[in-house]
Amino acid sequence: MPYLNRLSKITASVSGAVLLLAAGAHAQAEVNEQNVAVSANSEPTIRRLGAVTVTAQKREQSLQDVPIVVTALSGELLNDAGVQDIKDLTVVTPGLLVTSSSKQANTTARIRGIGTVGDNPGLESSVGVVVDGVPRARNGVSFGDLGEIERIEVLKGPQGTLFGKSTSAGVINVVTKKPSNEFGSIWEVGIGNEGFLRTSGEVTGPLSDAVSGRLYGVYEERDGLLDVKTGNGPRTADETSQYDFYSFRGQLLFEPSSDLEILLSADYTDREEDCCMGDYIAVDPARGPLITLLAGGDGASAFPVDPYDRVAFANRDATQTTEDWGVSADISWQSDVGELTSITSYRDWDNGSGQDMDFSAADIWFRDSDETTDAFATFSQEIRLAGATDKLDWLVGAYYANETLDRTDFINFGNGYFFYFQQLLLGASGGAFNLAALPGSIYTGETKATEDIFKQEADTYAIFTNNTFSFTDQFDLTVGLRYTIDEKTLNSDFDGNEGSCSTALAVFGAANGLTPTLCLPWVNDNFVGVSSTQDRSDEDLSGTVKGSYRFSENLMSYASYSRGYKAGGFNLDRSQFGPADPAPFQPNLDTGFDPETVDAYEVGFKSNNAANSLFFNGAIFYQEYNDFQLNTFTGTSFIVTSVPAVISKGAEFDFRYLPEKLEGLTLQGGLVYAETQYDDFEAVDFFAPPRLPGSTISFAPRWSGTLAVTYETSFVRDWDTRFNVSSRYTSRYNTGSNLDPLKEVDDLVVVNARMGFYSDNSPFELEIWAQNLFDEDYYELAFDTPLQGTAATQTSPGTAVGAFLAPPLTFGATARLRF
């Protein structure tokens with residue numbers, strides 16, 4: 001679609017902001033990090049770093065006084081690095097990886113190698129995402145445009161005392177800009193390669209003496225990044241990974257007195273995309289020709305050898321639709337007792353997922369976006385009371401959340417399903433077996449395979465306290481406790497095709513090599529008409545003890561112990577007994593898994609030089625996770641199980657630096673060394689290959705580092721220019737939960753760059769930018785391709801592996817007006 005036609009779609013998303021553009025005055029930049037010039041007589045100019053304020057302990061503190069590892073990112077740096085959602089944070093946060101799989105809703109954040117694979121909504125995230133004090137239900141629910149950002153704090157290690165149960169690996173704490181009491185407005189339009197278009201509008205200012213507001217709107221779209229061979233269809237779209245979305249965010253800030261502040265917020269996002277398809281890494285030589293035979297048309301051509309040809313195969317629609325909205329009220333009242341804070345929120349998130357499940361142009365099986373859906377509705381209420389005396393900073397609070405999760409998983413047979421399995425079974429039986437001879441075999445045409453419905457209700461109750469005792473001017477001791485109760489109920493209803501499993505068991509028996517294929521989960525007629533209800537209640541006492549000692553004004557050291565907790569839950573997928581069990585291939589209706597806990601130890605320091613031109617912080621850490629929740633895709637279904645122990649240990653450093661002799665230059669970065677490994681365990685009755693015990697877990701590079709370099713200088717006349725290069729390095733790591741060597745990513749450096757031009761005498765700004773500047777090719781995640789390989793837990797010539805690719809080089813320009 002031409003850009004001019006696209007503009008008509010954009011107008012609705014930003015019209016509220018555009019109407020008020022002319023009423024604004026020049027916006028004053030809200031910047032946490034300042035360069036302060038101090039001169040006296042003929043003394044040289046001294047550049048100093050301003051203090052960075054964070055809320056890592058639910059109160060405003062200087063970053064250098066907080067006894068935990070925090071990567072603090074200002075709004076200015078986030079803009080320079082092109083950060084618009086949590087996936088973009090990896091280029092400025094060492095030790096953080098954020099990846100997506102079969103859809104953007106399956107986004108997973110990992111810190112120091114610890115995270116929870118997002119493909120199964122029954123699992124809560126190990127890395128919590130909090131936006132303006134409101135926890136998001138899952139990492140995928142957090143994916144999307146974050147709007148105008150004041151700052152982002154990435155807190156590393158368990159943060160359960162103050163941020164709740166699902167933060168056993170850390171927290172991404174997002175703080176958006178509040179309404180300003182001065183009028184200001186921003187309008188921007190950006191265009192780029194691959195059909196990229198983004199436009200946004202924002203206005204803020206006073207509505208009365210005691211009320212101010214902020215309104216933000218954005219529309220963005222991009223064409224596909226992969227070509228698609230569709231075979232004989234019915235899909236006609238010949239590219240994938242294209243998307244478009246629009247989003248609104250509005251805020252009202254009431255300040256009726258100096259003691260009371262009320263912030264009301266609302267947001268809405270609508271996103272549609274064609275996502276996500278994998279490229280082949282390896283193809284099963286036995287099944288590949290059969291796939292191409294069934295595909296027909298351009299889908300019958302040879303599979304590409306190089307996945308970075310960026311050619312995918314799909315004959316079915318892969319539309320993903322997401323509607324996300326929420327409201328919240330944040331009330332702060334300064335009383336004689338202390339500061340009382342109440343945060344009330346309600347959020348609703350719905351996702352529909354179409355998918356070509358066989359990842360080929362053959363018509364074997366698929367999901368329709370109107371039938372396969374995930375939906376979260378979450379209400380939360382947090383209340384805190386905090387105060388301070390000369391020797392004590394204290395905080396007490398309570399938290400409640402109700403989460404309703406609805407999931408429908410409908411799988412459809414395609415027109416080629418019968419023939420495909422007929423040929424496989426004929427090959428396995430030496431030509432002696434005919435699938436059509438089995439009663440109940442109705443795998444012809446487009447037939448429903450499964451019609452599974454899951455409804456989960458979860459309630460969380462917690463009370464917590466966090467208190468810092470100042471025993472001397474140098475020594476502080478922080479003690480925190482949190483008691484949590486989690487209650488969950490899951491109702492599951494299974495239905496679908498009659499299948500041939502019971503017949504296969506009667507005719508061949510469980511030990512016959514053909515039976516497992518005829519009893520795959522989606523054709524297992526033992527599930528038809530089955531319903532179950534499961535309940536669980538977990539409780540946990542977690543907490544922290546931190547001691548900090550300030551040796552001087554410029555050096556503080558600390559040691560800490562923290563216990564984190566993530567609730568148990570239920571696997572929202574079909575689970576069945578194996579052929580060797582007493583009830584072979586019967587439904588296993590106990591899909592629960594235990595809570596995950598972590599004991600973490602950390603020793604670190606925070607330092608700055610006398611001139612405040614260098615902040616340098618470091619820590620060593622040891623974290624031991626018990627009953628680590630592992631989600632593994634077998635090529636046929638998701639299996640959730642608890643690994644007895646995972647240990648993460650290492651060291652990390654971060655810095656901010658203003659070189660005194662290079663005026664205009666700022667550097668910020670960090671380096672993490674982490675060994676995150678499975679402890680030794682017996683892989684008996686556990687879906688895992690022998691390689692897992694004692695091995696480094698997936699998505700856990702030993703080395704991870706970031707460096708952001710910003711340089712400002714005069715350009716021409718009264719115009720200045722600002723350059724930024726933000727880069728991320730990761731050493732080799734594996735992207736598969738089964739650690740198949742085919743799924744490894746080599747050492748990698750990704751660079752983003754941006755160059756801006758601006759003037760204090762003009763409202764106009766221009767930026768030229770590039771993401772993945774050097775066009776690095778790498779996998780976000782590799783997976784066993786369904787139906788096209790042998791055992792999913794081992795590398796062999798018969799294993800078919802696909803991968804979801806990271807975006808290639810994208811570039812463009814953004815024009816901006818500030819009033």
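Is D777, at 35% relative accessibility, to be counted as buried, partly exposed or exposed, and what value decides which? In this predicted model, D777 comes out as partly exposed, because its relative accessibility is 35% and that class covers the range between 20% and 50%. Its salt-bridge partner is R310, with the closest N and O atoms 3.4 Å apart. D777 sits in the loop between β41 (764-771) and β42 (779-784), and R310 in the loop between α5 (288-295) and β19 (311-313), so this contact ties together parts that are 467 residues apart in sequence. R310, for its part, counts as buried, at 10% relative accessibility.

That bridge is one of 40 salt bridges in the structure. Another joins E220 and R198, whose side chains meet at 2.6 Å, N to O.

R732 lies in the loop between β37 (719-730) and β38, and D746 in the loop between β39 (744-745) and β40 (748-759), 14 residues apart. R732 counts as partly exposed, at 45% relative accessibility, and D746 likewise, at 46%.

Turning to the rings, a search of the whole structure gives 28 aromatic pairs. One of them is F494 with F527: the ring centres are 5.3 Å apart and the planes make an angle of 65°, so the pair is edge-to-face. F494 is in the loop between β27 (475-493) and α7 (501-507), while F527 is in the loop between α8 (515-518) and β28 (531-552), 33 residues away. F494 is buried at 6% relative accessibility, and F527 is buried at 0%. F699 and Y733 make a tilted pair, since their centres are 6.2 Å apart and their planes are at 40°. Both F699 and Y733 are buried. Elsewhere, Y246, F248 and Y268 come together as one aromatic cluster.

K58 lies over the face of F163, 4.7 Å from the ring centre, and the charged end of R316 is placed over the ring of F366, at 3.8 Å from its centre.

Technical notes. Residues numbered from 1 in each chain as written. Predicted model: local features only at pLDDT ≥ 70, side-chain atom pairs only at ≥ 80, totals over all residues. Heavy atoms only, no water. Phe/Tyr/Trp six-rings, centres within 6.5 Å; stacked < 30°, edge-to-face > 60°. Helix = DSSP H or I, 4+ residues; strand = E, 2+ residues; numbered from the N terminus. Buried < 20%, exposed > 50% of the residue type's maximum accessible area, 1.4 Å probe, protein only. Lys NZ or Arg CZ within 6 Å of the ring centre and 35° of its normal. Salt bridge = Lys/Arg side-chain N within 4 Å of Asp/Glu carboxyl O.
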